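Please keep the sequence and the structure in view while reading.

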Amino acid sequence: MAPRKFHPDELKLAFNLFIDHNGQRFDLIEKEMHRQGWTSFRKDCLKSKGLGENHREGLIEKHGWDKALQVHIATAGTLAKTSAESLLGEVEALRKLIYLDLVATGVGKAGKDLIYQHDK
């Protein structure tokens, strides 16, 4: 049996859902794929199956999605264990945006309010 061909948009959506679900909950990935109109998509196509000559490569292995997930998790600044860590992440993100605004407008022209926000 020839391997199933996937439409590029179908693969892109499946990959994004795989990342969104942290490489888990294949059932929810399949459900969302069906909701988006890819009704022939099955969660079984994600994982590899069989050994030796019976080996069938799944999408995760074939496209390196597991490595992409590791990179995503390692670089995601929004993964926080507590609400305090989450708040700190939000504050840091806002400070960076304010800083970019300060640099773009110039500290002398920025106004006291923007400088105060960055300081606090």
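At what angle do helix H1 and helix H2 pack, and how far apart are their axes? Helix H1 (residues 8-20) and helix H2 (residues 26-35) pack at an angle of about 145 degrees, and their axes are 10 Å apart. Axes here are lines fitted to C-alpha atoms, for helices over the stretch in contact, and angles run from 0 to 180 degrees between N-to-C directions. H1 passes H2 in a right-handed crossing, a crossing being right-handed if the near helix is turned clockwise from the far one by less than a right angle and left-handed if anticlockwise.

The model is predicted; local features need pLDDT of at least 70, side-chain atom pairs count only at pLDDT 80 or more, and totals for chains, interfaces and linings use all residues. Residues are numbered from 1 along each chain as its sequence is written, and side-chain values use heavy atoms, with hydrogens and water left out.

**The chain as a whole**

The protein chain has 7 helices and 0 strands. Helices (H or I, at least four residues) and strands (E, at least two) are DSSP runs, numbered from the N terminus. Of the 120 residues in the protein chain, 22% are buried; buried means under 20% relative accessible area, exposed over 50%, and partly exposed in between (1.4 Å probe, protein chains only). The chain exposes about 9300 Å², of which carbon and sulfur atoms supply 56%; these areas come from the Shrake-Rupley method with a 1.4 Å probe. Among contacts in the chain with a separation of 6 or more, residues 24 or more positions apart account for 34%, where contact means heavy atoms within 4.5 Å.

**H1 against H2**

Returning to the pair, H1 and H2 pack with their axes 10 Å apart. On the H1 side the contact is made by Glu 10, Leu 13, Ala 14, Leu 17 and Phe 18, and on the H2 side by Phe 26, Ile 29, Glu 32 and Met 33. By class, this contact has 7 nonpolar, no polar and 2 charged residues.

The buried residues of H2 are Phe 26, Ile 29, Glu 30, Glu 32 and Met 33. Seen down the axis of H2, they fall within an arc of 165 degrees, so they line one face of the helix; the arc is that of the directions from the helix axis to the C-beta atoms. These buried residues pack against H1 and helix H3 (59-63). The face of H2 turned away from its buried side carries the exposed residues Lys 31 and Arg 35. After H2 comes Gly 37, with a positive phi near 105 degrees.

**Selected residues**

Glu 10 is in helix H1. Leaving out residues up to four places away in sequence, Glu 10 touches Arg 4, Met 33, Trp 38, Ser 40 and Phe 41. Cys 45 lies in the loop between H2 and H3. Its C-alpha is 9.0 Å from that of Arg 4, although Cys 45 and Arg 4 are 41 residues apart in sequence. With the four-place limit applied, Cys 45 touches Phe 6, Gly 58 and Leu 59.

Asn 22 is found in the loop between H1 and H2, and Arg 25 is in the loop between H1 and H2 as well. Asn 22 has a positive phi of about 50 degrees although it is not a glycine. Arg 25, also not a glycine, has a positive phi of about 50 degrees.

| Residue | Relative accessibility and class |
|---|---|
| Glu 10 | 2%, buried |
| Asn 22 | 36%, partly exposed |
| Arg 25 | 45%, partly exposed |

Methods. Ala, Val, Leu, Ile, Met, Phe, Trp, Tyr, Cys and Pro count as nonpolar, Asp, Glu, Lys and Arg as charged, and the others, Gly among them, as polar.
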